[in-house]
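Could you walk me through this structure?

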Amino acid sequence: MTSSSRTVRVGSSHGLHARPAKLFAQKAKDAGIPVTIAKDSGKPVNAASILAVVALGIDFGDHVVLTADGENAEAVLDTLAEVLTTDHDESA
């Protein structure tokens, strides 16, 4: 099984609050492979769980570590990194 990790800086100006966290968790769920997210060097949580993602308290500019296990792990991380680096609060 292929495992990949990537560190990403969060771009949403208000961090991963409900709306961007929901978008991120849904993309992680749609990936069909196990994906985790951790804030800095903290404990990884299931990236497909909106409650777990929100509970991390991720703010703008925080670095998170994404890990995906399975086929197309790199492509999944590309997609999730794009969600995290986009400012979803820009038009709000």
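This is a predicted model: local features need pLDDT of at least 70, side-chain atom pairs count only at pLDDT 80 or more; totals for chains, interfaces and linings use all residues.

Residues are numbered from 1 along each chain as its sequence is written, and side-chain values use heavy atoms, with hydrogens and water left out.

Let's begin with helix H3, residues 73-85. Helices (H or I, at least four residues) and strands (E, at least two) are DSSP runs, numbered from the N terminus. H3 has 13 residues and spans 18 Å from its first C-alpha to its last, close to the expected 18 Å; that expected span is 1.5 Å times one less than the number of residues. Which residues of H3 are buried? They are Ala73, Val76, Leu77, Leu80, Ala81, Val83 and Leu84. Buried here means under 20% relative accessible area, exposed means over 50%, and partly exposed is in between (1.4 Å probe, protein chains only). Looking down the axis of H3, you'd find its buried residues within an arc of 155°, so they line one face of the helix. The arc is taken from the directions from the helix axis to the C-beta atoms. And what do the buried residues of H3 pack against? Their partners are strand E1 (3-9), H1, strand E2 (35-39) and strand E4 (63-69), with contact meaning heavy atoms within 4.5 Å.

Now for the charges. Side chains of opposite charge can pair when their charged atoms come close. The rule for a salt bridge is a side-chain nitrogen of Lys or Arg within 4 Å of a carboxyl oxygen of Asp or Glu, and the count comes to three. In one of them, Glu74 pairs with Arg6, with the closest N and O atoms 2.7 Å apart. That pair links distant parts of the chain, since Glu74 is in helix H3 and Arg6 in strand E1, 68 residues apart. Arg6 also meets Asp78 in a salt bridge, at 2.7 Å from N to O. Asp78 sits in helix H3 and Arg6 in strand E1, so this pair ties together parts that are 72 residues apart in sequence. Arg6 is partly exposed, at 22% relative accessible area, and Asp78 is partly exposed too, at 44%.

Lys39 and Asp62 form another salt bridge, with their closest N and O atoms 3.4 Å apart. Lys39 belongs to strand E2 and Asp62 to the loop between helix H2 (50-55) and E4, so the pair ties together parts 23 residues apart in sequence. Lys39 counts as partly exposed at 25% relative accessibility, whereas Asp62 counts as buried at 17%. As for shared partners, salt bridges join Arg6, Glu74 and Asp78 into one network.

Ala18 lies in helix H1 (residues 18-30) and counts as exposed at 51% relative accessibility. The C-alpha atoms of Ala18 and Val54 are 6.8 Å apart, although the two residues are 36 apart along the chain. Asp40, in the loop between E2 and strand E3 (45-46), has a positive phi of about 50° although it is not a glycine. Asn72, in the loop between E4 and H3, also has a positive phi, near 65°, and is exposed at 56% relative accessible area.
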